[in-house]
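The sequence and the structure are shown first, and the description follows.

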Amino acid sequence: MFAAVADRRWRSSLAGAMTVPPIRERPDACPGALQTHAAADGALARVRLPGGALTAEQLRALSTAAGELGDGALELTSRGNVQLRGLRSGGERELGDRLAEAGLLPSATHETARNVLASVLSGRTGGVLDVRSWVTEFDARMCADPALADLPGRFLTAFDDGRGDVAGLGADVGLLALDRATVALLLAATDTGLRCRPDEAVGLALAATRGFLDERAAQGGTPWRVTELAEGPARIAAALGGPRTDPLPVPSPPLTGPAGAVLQDDGRTALVAVVPLGRLTADQAGLLASTAVGGLQLTPWRSVVVPDLEGAGAAGALAAAGLVLDPRSPWLSVSACAGRPGCAKSLADVRGDVVRAVATGTLPMGGARQHWVGCERRCGRPSGNVVDVVATSTGYRIG
Ligand code: SF4
């Protein structure tokens, strides 16, 4: 498997765990579909989509809800989830009912805990294993365990099929396929040296997740992430027990995800459409849903995969609707927080400024991956090698 990612930059196997953890004085209050956040432009709801997976019907249901209850658009997040903004007063309950009806709210008690990344295009091309079944099994077993409802909304799980695209995205618990028979357990995106077979992998990931809660209870306080525990990865791995091998370095994630037409191993085609600034309009959502022949996948790079197509004939229509299928487009390397008017803390209309910079070819730093924000909180910052473009009272500052 590592041959597939051998040309990527590698980082120290321990570097990801060496940041100074913040002291949490309150439980995580990450927004969810039911537990919304009061933003300047109305309530904000975040809907978890484990593995970024959803059906065409579910995409239509989300888009319709955004149009009838919110500001009309869907926001794609760096965890492959979606947000609805500007929810009208009282719209939260209506949204919950609609999501439940669409099968997007399998557990009201676990809704903010269902944060799972999965390799893009797994089972269709690339990688050494198909991790889609891990996502569905993990989600079902997690929702069936009342204790796991206590997971913070920031807690993240990642299932990497061996291509190395999500293993390094900073997940608290991760599985990385090494070959068709061997899976590595990662904690805080660091290899523990613990190994299992593919059919044991979901059970091991769940045990590690419960291990986080056990260690958090033992240490006291309200840490949100594995890295916020004292010696979190080492203690959780020790509690799991079992033989260990020498840890391997974890592949760094790619700077951008795929875009355009991708040939699948079965001869069919997947179209990967990048959504500029992650804001998916109702027209775009409708077009993607009508193009899809079954499921779709949202990616951590704010794009939508439409797989299993009999060719790339729909690419022109998607591009005409404002979606980006050109892998050389600057839209692949720029993201932004909400900014004005959605966020009261913002010092600038960040998204408007990004649109102008892309249109005029004046994005700073050439082709570097960059994240524009309206203040120092730097919300929505992607993991990895990203340069911050921060609004100040006198203009933007790099870094
Ligand atoms: S980074 Fe600042 S301006 Fe942007 S959404 Fe977060 S709090 Fe608001």
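## A cis peptide bond in a loop

Pro-341 lies in the loop between strand 16 (334-336) and helix 9 (350-359). The structure described here is a predicted model. In this model, the peptide bond joining Arg-340 and Pro-341 is cis, with omega at about 0°.

## Residues with positive phi

Most residues other than glycine have a negative phi. Two residues with a positive value are described here.

Leu-121 has a positive phi of about 70°, although it is not a glycine. Its place is the loop between strand 6 and helix 4. With a relative accessibility of 5%, Leu-121 counts as buried, because the cut-off for that class is under 20%.

Arg-378 is likewise not a glycine and has a positive phi of about 55°. This residue is found in the loop between strand 17 (370-373) and strand 18 (387-392). Arg-378 has a relative accessibility of 22% and therefore counts as partly exposed.

Ser-119 belongs to the loop between strand 6 (116-118) and helix 4 (132-143). Is Ser-119 buried or exposed? Its relative accessibility is 1%, so Ser-119 counts as buried.

Which residues are in contact with Ser-119, once its neighbours within four places in sequence are left aside? They are Val-131, Phe-159, Asp-160, Asp-161, Arg-163, Asp-165, Val-166 and Gln-297.

## Gln-83 in strand 5

Gln-83 is located in strand 5 (residues 82-87). Its relative accessible area is 8%, and Gln-83 is therefore buried. Leaving aside neighbours within four places in sequence, the residues in contact with Gln-83 are Leu-44, Ala-45, Arg-46, Ala-73, Leu-74, Glu-75 and Thr-77.

Two of these contacts can be described further. The side chain of Gln-83 forms a polar contact of 2.7 Å with the side chain of Arg-46. The side chain of Glu-75 also makes a polar contact with the side chain of Gln-83, at 2.7 Å. For Ala-73, the C-alpha to C-alpha distance to Gln-83 is 8.8 Å, while the two residues are 10 residues apart in sequence.

## Helix 2 with helix 3

Helix 2 (residues 56-69) packs with helix 3 (residues 91-101) at an angle of about 165°, and their axes are 11 Å apart. The two helices are therefore roughly antiparallel to each other, because angles over 145 degrees fall in that class. Their crossing is right-handed.

On the side of helix 2, the contact is made by Leu-62, Thr-64, Ala-65, Glu-68 and Leu-69. On the side of helix 3, the residues are Gly-91, Glu-94, Leu-95, Arg-98 and Leu-99. By class, the residues of this contact are 5 nonpolar, 2 polar and 3 charged.

## Helix 2 with helix 7

Helix 2 also has a contact with helix 7 (residues 282-291), where the axes come within 9 Å and cross at roughly 165°. How are helix 2 and helix 7 oriented to each other? They are roughly antiparallel. Helix 2 passes helix 7 in a left-handed crossing.

Helix 2 contributes Ala-56, Leu-59, Arg-60 and Ser-63 to this contact, and helix 7 contributes Ala-282, Ala-285, Leu-288, Ala-289 and Ser-290. The contact of helix 2 with helix 7 has 6 nonpolar, 2 polar and 1 charged residues.

## Helix 5 with helix 6

The axes of helix 5 (residues 201-219) and helix 6 (residues 232-240) cross at roughly 120° and come within 9 Å. Helix 5 is therefore oblique to helix 6. The crossing of helix 5 with helix 6 is right-handed.

From helix 5, the contact involves Leu-204, Ala-207, Ala-208, Gly-211, Phe-212, Glu-215 and Gln-219. From helix 6, it involves Arg-235, Ile-236 and Leu-240. These residues of the contact of helix 5 with helix 6 divide into 6 nonpolar, 2 polar and 2 charged.

## Ala-317 in helix 8

Ala-317 is placed in helix 8 (residues 315-320). Its relative accessibility is 41%, so Ala-317 counts as partly exposed. Ala-317 and Thr-291 are 26 residues apart along the chain, and their C-alpha atoms are separated by 9.6 Å.

Notes:
Residues are numbered from 1 along each chain as its sequence is written. This is a predicted model: local features need pLDDT of at least 70, side-chain atom pairs count only at pLDDT 80 or more; totals for chains, interfaces and linings use all residues. Side-chain values use heavy atoms; hydrogens and water are left out. Helices (H or I, at least four residues) and strands (E, at least two) are DSSP runs, numbered from the N terminus. Buried means under 20% relative accessible area, exposed over 50%, partly exposed in between (1.4 Å probe, protein chains only). Contact means heavy atoms within 4.5 Å. A polar contact is a pair of N or O atoms within 3.5 Å; within protein, one must be able to donate a hydrogen and the other to accept it, and residues adjacent in sequence count only if both atoms are side-chain atoms. Axes are lines fitted to C-alpha atoms, for helices over the stretch in contact, and angles run from 0 to 180 degrees between N-to-C directions. Angles under 35 degrees count as roughly parallel, over 145 as roughly antiparallel, 65 to 115 as roughly perpendicular and the rest as oblique. A crossing is left-handed if the near helix is turned anticlockwise from the far one by less than a right angle, and right-handed if clockwise. Ala, Val, Leu, Ile, Met, Phe, Trp, Tyr, Cys and Pro count as nonpolar, Asp, Glu, Lys and Arg as charged, and the others, Gly among them, as polar.
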